[in-house]
Amino acid sequence: MTGGKGGTGRRIVLWRHGQTSWNLERRFQGSTDIELTETGVAQARRAARLLAALEPDAIVASDLKRAAATAAELSAITGHVVAHDSALRETYAGEWQGLTHDEITSRYGEQYAAWKRGEPVRRGGGELETEVADRAAPVVLEHADKLPEDGTLVVVSHGGTIRTTIGRLLGLEAQHWESLGGLSNCCWSVLGEGARGWRLMEHNAGTLPEPVLGDDD
């Protein structure tokens with residue numbers, strides 16, 4: 001594969017949204033529509049300047065406010081219109097949504113432990129991680145298929161959805177997806193197209209490491 005961007009094949013940049021107040025409170029957001037904090041907007045603006053240097057060809061984003069606002073910062077620099085898709089929303093987690101990490105482990109300790117062990121769990125009565133991948137991964141691939149040779153797609157989404165999508169695109173078994181680790185606010189991972197399919201080129205990138213706050217949100 002050769003082309004104008006170094007002959008590296010297509011790239012997918014999966015970019016997590018900026019900080020929200022619920023992230024700071026370690027409160028599970030899931031599909032709850034929470035806006036960015038002022039810090040989150042600043043994070044998105046800074047990260048957008050870095051990602052613009054990759055000369056993305058297209059941007060697709062979750063339609064939840066925190067992801068849409070993050071994507072808007074990159075759109076403002078690149079001029080690309082953002083395609084919004086509800087399939088890129090965070091995991092719906094039913095009764096877990098709105099609870100802090102401590103409240104979840106206190107009230108749903110066995111369920112939380114089973115999820116951490118890699119068992120298929122409907123957290124709070126919500127979606128399975130495989131169901132999240134079932135809706136999100138095809139959307140990412142659909143947009144990637146439209147890229148020019150050596151093109152770059154930026155996907156603006158959420159920590160849990162990005163992790164499950166990466167796991168699915170890499171062909172990992174679902175019980176191993178947790179081993180990918182979380183993304184800090186406004187950090188990203190990069191998948192590159194290789195001879196055997198997609199491979200992980202970068203994970204939780206964004207220059208200096210930052211703590212992961214509210215992984216699945």
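In what sense do β5 and β6 pair, and over how many bridges? They pair in the antiparallel sense over 6 bridges, where two strands count as paired if DSSP finds at least two bridges between them. The strands (E, at least two residues) and the helices (H or I, at least four) are DSSP runs numbered from the N terminus. This is a predicted model, in which local features need pLDDT of at least 70 and side-chain atom pairs count only at pLDDT 80 or more, while totals for chains, interfaces and linings use all residues. Residues are numbered from 1 along each chain as its sequence is written, and side-chain values use heavy atoms, with hydrogens and water left out.

The two strands of the opening question belong to an open sheet of 6 strands with mixed pairing, in the order β3-β2-β4-β1-β5-β6. Its edge strands, each pairing on one side only, are β3 (82-84) and β6 (197-205). From one strand to the next, the twist averages 20 degrees.

Within this sheet, strand β1 (residues 11-16) runs parallel to strand β4 (residues 152-157), and 6 bridges join them; here Leu-14 stands opposite Val-155 in β4. With β5, on the other hand, β1 pairs in the antiparallel sense over 5 bridges, and Trp-15 stands opposite Trp-188 in β5. A hairpin through 2 residues then joins β5 to β6, and the bridge partner of Gly-192 in β6 is Arg-199.

Strand β5 (residues 188-194) is mostly covered, with 7 of its 7 residues buried, where buried means under 20% relative accessible area, exposed over 50% and partly exposed in between, for a 1.4 Å probe and protein chains only. Trp-188, Val-190, Gly-192 and Gly-194 point one way from β5, whereas Ser-189, Leu-191 and Glu-193 point the other way. In strand β4 lies Thr-152, which is also buried, with a relative accessible area of 0%.

Helices lie on the sheet as well. Helix α3 (residues 65-78) lies across β1, β2 (58-61), β3 and β4, running at about 165 degrees to β2; axes are lines fitted to C-alpha atoms, for helices over the stretch in contact, and angles run from 0 to 180 degrees between N-to-C directions. Helix α6 (residues 129-144) packs on the sheet too, touching β1, β2, β3, β4 and β6, where contact means heavy atoms within 4.5 Å. The direction of α6 makes about 155 degrees with that of β4.

Two packed helices are described by the angle between their axes and the distance between the axes. Helix α2 (residues 38-52) packs against α3 at an angle of about 40 degrees, with their axes 8 Å apart, which makes α2 oblique to α3. Angles under 35 degrees count as roughly parallel, over 145 as roughly antiparallel, 65 to 115 as roughly perpendicular and the rest as oblique. Among the residues that meet are Val-41, Ala-44 and Arg-45 in α2 and Thr-70, Glu-73 and Leu-74 in α3.

The axes of α6 and helix α7 (residues 159-170) come within 8 Å and cross at roughly 75 degrees, and α6 and α7 are therefore roughly perpendicular to each other. Their contact includes Glu-129, Thr-130 and Val-132 of α6 and Thr-161, Arg-163 and Thr-164 of α7.
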